[in-house]
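Thanks for making time for this one.

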Amino acid sequence: MNRRILAALVCAAAAPAYARDAAGRLDTILAPNNAQPAIVVKGNGFDVFLRSDAQMHLESAAGSFALPAETPLDWRGRRKIRVTIPSNVPAGAYTLAAQGPGGAADRNFRAVYVLDGRPDEYRVVVWSNLRIGADPNAPDTALFRTTAAIYEHPPALVLVTGDLTAGGTPEQFRLALELLND
């Protein structure tokens, strides 16, 4: 793929998409989040957008890692902080956590992906017309086979298009979110 086209797609995906709490309100960490994660190579940095000042760290089964940060900048009414991934952080998916001055904590699951090095290529999957719940009396084995195939060789990006559900019922959307959340 032409690097300019890839750069344009990345820029389009970088439009603000902020994390929300369980009640649907914006929390301390605005971005990155699991809908718009930071994908970064060890030793490199990325920008974190916050509602207010906070100490940042990464969390996973591998442990907790403090993120060295530059001085925060005011950016369009938000706080913008450049953080750096320390070289001792293992590659993998991480929760981005913030500890505010009042003790308030915020966590964005799967918000940061740390890579050992820059990949030579990226695998992208386009998944169209899931139509979850088309037959409520039978499990959708084709959907499970597709999910297993995606897990077998995890891509850098999964683009989901078309109909998520067959009927748009809350139960069908709950099932779609469970499937896509994995």
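This is a predicted model: local features need pLDDT of at least 70, side-chain atom pairs count only at pLDDT 80 or more; totals for chains, interfaces and linings use all residues.

Helices (H or I, at least four residues) and strands (E, at least two) are DSSP runs, numbered from the N terminus, and on that basis Arg79 lies in strand S7. Residues are numbered from 1 along each chain as its sequence is written, and side-chain values use heavy atoms, with hydrogens and water left out.

Which side chains does Arg79 meet through polar contacts? If we take a polar contact as a pair of N or O atoms within 3.5 Å, where within protein one must be able to donate a hydrogen and the other to accept it, and residues adjacent in sequence count only if both atoms are side-chain atoms, then the side chain of Arg79 pairs with that of Asp53 at 2.8 Å and with that of Asp74 at 2.4 Å.

Turning to the interior, a nonpolar core is a set of buried (under 20% relative accessible area, 1.4 Å probe, protein chains only) Ala, Val, Leu, Ile, Met, Phe, Trp, Tyr and Cys residues joined through side-chain atoms within 4.5 Å. The largest one has 21 residues, with Phe46, Leu58 and Val112 among those having the most contacts inside it, and strands S2, S3, S4, S7, S8 and S9 each supply at least two of its residues. A second, separate core of eight residues includes Ile132 and Leu179.

By contrast, Val126, in strand S10, is exposed (over 50%), with a relative accessible area of 56%.
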